[in-house]
Amino acid sequence: MRALLSRRPGGPETLELDEIPEPVAGSGQVRVAVRACGVNFPDLLIIQDLYQVKLPRPFAPGGEISGIVDALGTGVEGLRVGDRVLMSPVRGGMAQKVVGPAGNCWKIPDAMPFDQAAALLLTYGTSQHALTDRAQLMSGETLLVLGAAGGVGLAAVQLGKAIGARVVAAASTEAKLALAREHGADETVQYPAVALDKAAARALTDRFKSACGANGAQVIFDPVGGDYTESALRAIGWQGRYLVVGFTAGIPKLPLNLTLLKSCQIIGVFWGEFTARQPRQHAGNVAALMALYLEGRIKPAVTERFPLQRGMDAIARLAARDARGKVVVMIE
Ligand SMILES: NC(=O)c1ccc[n+]([C@@H]2O[C@H](COP(=O)([O-])OP(=O)(O)OC[C@H]3O[C@@H](n4cnc5c(N)ncnc54)[C@H](OP(=O)(O)O)[C@@H]3O)[C@@H](O)[C@H]2O)c1
């Protein structure tokens with residue numbers, strides 16, 4: 001079968017399309033003939049050896065897929081060959097076939113196309129776990145989302161609206177803000193795409209404060225980090241919750257006195273580990289996401305599709321900060 005392989009650490013240009021043997025489904029595992037693979041920022045990190053998990057080479061990137069069940073290992077219940085499914089988290093998704101634990105494999109409704117199914121669980125699962133399990137976002141609260149047109153960011157915008165929050169979306173370009181508005185954002189803030197000096201950081205805090213209103217943001221969803229984090233934290237409301245989701249702009253350091261002044265919480269989010277440690281709660285979350293999808297209240301914004309042989313270009317879109325919504329690799 002064909003797979004897009006990382007044979008040495010490096011950027012997307014180091015990936016090579018190659019023929020490798022088909023994987024075999026072991027006990028408790030499912031093999032899926034992949035139709036689509038969602039692209040996520042961790043794909044960019046893992047091929048550079050910058051992710052928290054290191055895989056033995058060669059490996060294919062790709063942490064979420066959709067496709068058709070092709071073989072079952074022993075002891076798998078509730079799935080049959082031929083079922084339409086998504087699988088996430090998974091390893092090696094940019095390939096014609098992939099094997100993963102049955103517990104990470106979910107049947108998808110007939111009405112869900114493969115590209116959307118491959119763009120659903122990793123992003124929406126992360127954002128839902130962050131907003132509901134970790135921050136307990138409530139209807140009527142103000143949610144500030146950074147990187148609001150990215151994968152997890154746009155999912156947080158949609159889920160925030162589904163919960164009934166007032167959503168302030170922040171991103172680096174007007175086109176990204178327009179996408180966030182299309183998906184329900186009530187208010188937008190454009191921030192510079194470059195490092196912030198003191199004056200720019202203060203000005204950004206003022207813009208966040210004025211967009212969030214007199215009581216500040218009750219919840220802040222931050223998949224970006226870097227200089228943006230402190231500016232955003234300064235706009236949090238009394239007893240607010242600050243969600244640490246990712247660091248596409250770098251890992252920030254914060255003056256802790258800011259947490260005392262607002263009596264606020266800084267909350268870590270690690271969805272992959274959550275799915276492994278709390279599988280029952282995770283299964284409940286997946287059911288809730290499927291219901292929201294079928295009700296039309298969430299919908300992955302797949303803006304670009306690439307064939308497998310151009311999977312490196314798909315990952316390069318995220319690396320260049322050019323992606324909007326979700327980029328998906330389609331596999332024959
Ligand atoms: N905690 C978890 O469990 C979990 C799960 C999934 C993903 N994540 C993390 O969440 C983050 C976002 O992942 P994603 O898949 O949603 O990525 P994505 O679609 O590429 O979105 C990331 C956003 O980060 C912003 N950004 C700021 N500086 C950037 C830079 N130098 N290069 C690229 N983007 C930059 C961009 O928005 P602007 O241009 O508008 O700033 C971009 O839209 C990553 O750090 C990822 O590892 C965490």
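Reader: In which sense do β8 and strand β9 pair, and over how many bridges?

Author: Two strands count as paired if at least two bridges are found between them. In this predicted model, β8 and strand β9 (residues 166-171) pair in the parallel sense, over 4 bridges. One of the residue pairs to inspect is Leu143, whose bridge partner in β9 is Val167.

Reader: Which way do the residues of β8 point, and are they buried or exposed?

Author: A residue is counted as buried when 20 or more other C-beta atoms lie within 10 Å of its own. In β8 (residues 142-145), Thr142 and Leu144 point one way, while Leu143 and Val145 point the other way; all are buried.

Reader: What is the order of the strands in the sheet?

Author: The sheet is open and has 6 strands, in the order β10-β9-β8-β11-β12-β13, with parallel pairing. β10 (187-190) and β13 (265-268) are the edge strands; each has a single partner strand, so one side of each has no neighbour in the sheet. On average, neighbouring strands are turned by 20° against each other, with direction ignored. The partner of β13 is strand β12 (residues 236-244), and the two pair in the parallel sense over 4 bridges. Within that pairing, Val244 has Gly268 of β13 as its bridge partner.

Reader: How many residues surround the ligand, and which are the closest?

Author: The shell is defined by C-beta atoms, placed from the backbone, within 6 Å of the molecule. It holds 29 residues, the closest being Gly150, Gly151, Ala171, Ser172 and Gly246. By class, the shell divides into 17 nonpolar, 10 polar and 2 charged residues.

Reader: Which helices and domains supply the shell around the ligand?

Author: At least two residues come from each of α1 (41-47), α3 (121-134), α4 (151-163) and α9 (271-277). The largest share, 3 residues, comes from α4, the helix of the right-handed unit with β8 and β9. Domain 1 (2-120 + 301-330) and domain 2 (123-272) each provide at least three residues of the shell.

Key. Residues numbered from 1 in each chain as written. Predicted model: local features only at pLDDT ≥ 70, side-chain atom pairs only at ≥ 80, totals over all residues. Nonpolar A, V, L, I, M, F, W, Y, C, P; charged D, E, K, R; others polar. Domains from an automatic or database assignment. Buried ≥ 20, exposed ≤ 12 C-beta atoms within 10 Å, placed from the backbone. Right-handed = clockwise from strand over helix to strand, strands pointing away. Axes fitted to C-alpha atoms, helices over the stretch in contact; angles between N-to-C directions.
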